[in-house]
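Have a look at the sequence and the structure first, then read on.

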Amino acid sequence: MTPATKRRVSKPPLELGELEHESAHQETRMATHITEECINCGACEPECPNEAISEGDEIYVIDPKLCTECVGFHDYEACQAVCPVECCLPDPELREDESTLIARAREIHKDKSFSDDFPSRFKK
Ligand code: SF4
């Protein structure tokens with residue numbers, strides 16, 4: 001069991017008043033994250049079209065407010081494509097849909113126009 005799984009399992013049920021806050025928090029989380037297998041090689045950082053990846057305290061990290069899973073730029077996740085240990089992984093319990101991700105790309109890159117036929121791994 002991963003540490004993240006343990007955290008989810010041991011978390012107490014939310015009280016009704018906490019639901020709105022928890023929902024808002026989850027909206028800022030993304031499906032792609034870098035796991036503890038990261039060897040700090042730095043290969044992924046320059047590949048991210050959103051400059052969402054940076055060196056963290058212990059391993060590289062992805063800023064959830066900037067990650068679009070490469071929707072709008074590639075039909076694959078560029079970080080995972082170059083990672084030698086393939087540790088840029090989607091979390092199946094934290095999926096974001098394509099419309100959310102392309103909306104984020106459009107918000108981040110206001111100077112860029114994305115056609116309706118934008119690249120996306122969801123279209124593969
Ligand atoms: Fe870590 Fe993979 Fe990025 Fe290298 S490419 S820094 S191993 S996440």
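Where does C83 lie? You'll find C83 in the loop that runs between α3 (78-82) and β4 (88-90). Helices here are DSSP runs of H or I with at least four residues, strands are runs of E with at least two, and both are numbered from the N terminus.

Before going further, two notes on reading this model. Residues are counted from 1 along each chain, as its sequence is written. The model is predicted, so local features need a pLDDT of at least 70 and side-chain atom pairs count only at pLDDT 80 or more, while totals for chains, interfaces and linings use all residues.

**The overall layout**

The protein has four helices and four strands. Follow the sequence and the pattern reads α-α-β-β-β-α-β-α. Of its 124 residues, 19% count as buried. A residue is buried if 20 or more other C-beta atoms (placed from the backbone) lie within 10 Å of its own, exposed if 12 or fewer do, and partly exposed in between. Contacts are another thing to look at: two residues are in contact if their C-beta atoms, placed from the backbone, lie within 7 Å. Among contacts between residues at least 6 apart in sequence, 69% join residues at least 24 apart.

**Back to C83**

Is C83 buried or exposed? C83 counts as buried because it has 22 C-beta neighbours inside 10 Å. Setting aside neighbours within four places in sequence, C83 is in contact with A43, C44 and C88. I39 sits 44 residues away along the chain, yet the C-alpha atoms of C83 and I39 are 9.4 Å apart.

C83 also belongs to the group around the ligand: of the 15 residues there, C38, C41, A43, C44 and C83 come nearest. To be near, a residue needs its C-beta atom, placed from the backbone, within 6 Å of the molecule. This shell has 13 nonpolar, two polar and no charged residues. Nonpolar means Ala, Val, Leu, Ile, Met, Phe, Trp, Tyr, Cys and Pro; charged means Asp, Glu, Lys and Arg; the others, Gly among them, are polar.

Most residues other than glycine have a negative phi.

| Residue | Phi | Loop |
|---|---|---|
| N40 | about 60° | between β1 (32-34) and β2 (53-55) |

N40 is exposed because 10 other C-beta atoms lie within 10 Å. E69 is buried, since 30 other C-beta atoms lie within 10 Å.
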